[in-house]
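I opened the notebook to look up backbone geometry today.

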Amino acid sequence: MAHDGHALDGVTVLDLSTFVTGGFCSLMLANQGAEVIKVERPGVGDDNRHSGPPFVDGESPYFWTVNYGKRSVELDLKTEEGLAALYDLAAEADVFVQNYRPGTAEKLRVADDDIREVNEDIVYCAISAFGQTGPWSQRPGYDLLVQGMSGIMSVTGEADRDPVKVGLPQTDLITGMWAAFGIVTALYRRALTGEGDYLELGMLDAALPWLTKQAGKAFVGEEPERMGTKDPVLAPYQTFETADGHINVACLNQKLWRGLCEALDRPELADDDRFETNADRVEHMDALEAELQAELERRTTDEWMELLVEDAGIPAGPVYSVDEALHNEQTEARGMVTEMEARGTEIPVVEHPLNFERTETGFESPPPELGEDNREVFAELGYSDEEIDALAEAGVFGSD
């Protein structure tokens, strides 16, 4: 079936954020067809441009992964001309995103009230570490801090070791996804009512709904603990060593548990009183681990994938490196990692997972160089060449 264009075609997003929270939010919107204009500090740009090494020809590959499909405009918002230019952009935009510490947008005169004076129906999204209210609202905050304060680190790591953070910037990404969801929700409401909206969220707030099963334990007075790869309410549901690596095994019901025992040639385990039900297995998790580990270390991961998954239909999977995760027969079949030409070379693109039958998705351009679209964006806005030259001469785009 032919695609009917992107779902967010015609939506313009002004993104004044730096690093990942706002960046991943607007990345998701760009993937669905929104025109995202990054408003960046002249000569410096998004701090994420400088995250590394590694760098490729001076560019951060990390920056690429959060900025496909966007345009870049440099604006010095501390100049009256730069602020006026931003207001002109905002007057024609649908969405405004920023992740300043509460109070900073007001000082810069780019708060919701300021932007709404030029565009009453805009969807304005303010992202911060702890939200716009509360006793911690003025604290600075980054992913590491929020992982610790959200409880995530308290349940991540081995039982007898120190807390560890998730290897990804998880709370940045969680927050970005919530923000994108909130923006699309507000755009839908605007389509129904004609009214814009103001949306604010904090990273700590964004992380808490993801606690799910750990929150469930806390609600009844139990203290969730670090369990390595084990699960607090399911068993076996963890990582085991094989002869040459690691494998994850996940049995969520009795049929799968019995199937695992058969595939391991240990059918008697299914009738062992300690392991009869999931509750029994959770209660005797250490003994269960010892029994299964003794079997699984006898063969290689590939051999177990054949015996457990292909032959017996047991949910199991290898523990891949990042490179293996990006490049394997499944991701290749799904087209999850592609390439895009940028500045005379090919750069890799991690595609997004939404596949619509009637709607196109995907990034239409590479990550922008800093200020790459300064002139073009304002020309499209109706500025004459002379007016754009005047902005440049006033230092709005920074110094050459």
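My entries on the backbone follow.

**Ground rules.** I worked from a predicted model, where local features need pLDDT of at least 70, side-chain atom pairs count only at pLDDT 80 or more, and totals for chains, interfaces and linings use all residues. Residues are numbered from 1 along each chain as its sequence is written, and side-chain values use heavy atoms, with hydrogens and water left out.

**Background.** I reminded myself that most peptide bonds are trans, and that most residues other than glycine have a negative phi.

**Cis bonds.** I looked up the bond from G52 to P53. That peptide bond is cis, with omega near 5°. P53 sits in the loop between β2 (35-40) and α2 (61-67). For these labels, helices are DSSP runs of H or I with at least four residues, strands are runs of E with at least two, and both are numbered from the N terminus.

Next I checked A235 and P236. A cis peptide bond joins them, and omega is about -5°. I placed P236 in the loop between α9 (212-219) and β7 (237-241).

**Positive phi.** I turned to F19. Its phi is positive, near 60°, and F19 is not glycine. The loop between β1 (12-15) and α1 (21-31) holds F19. Is F19 buried, partly exposed or exposed? F19 counts as partly exposed, because its relative accessibility is 31%. The cut-offs are under 20% relative accessible area for buried, over 50% for exposed, and partly exposed in between (1.4 Å probe, protein chains only).

Phi of D265 is positive, near 60°, in a residue other than glycine. I found D265 in the loop between α10 (254-263) and α11 (278-283). D265 has a relative accessible area of 62%, so I noted D265 as exposed.
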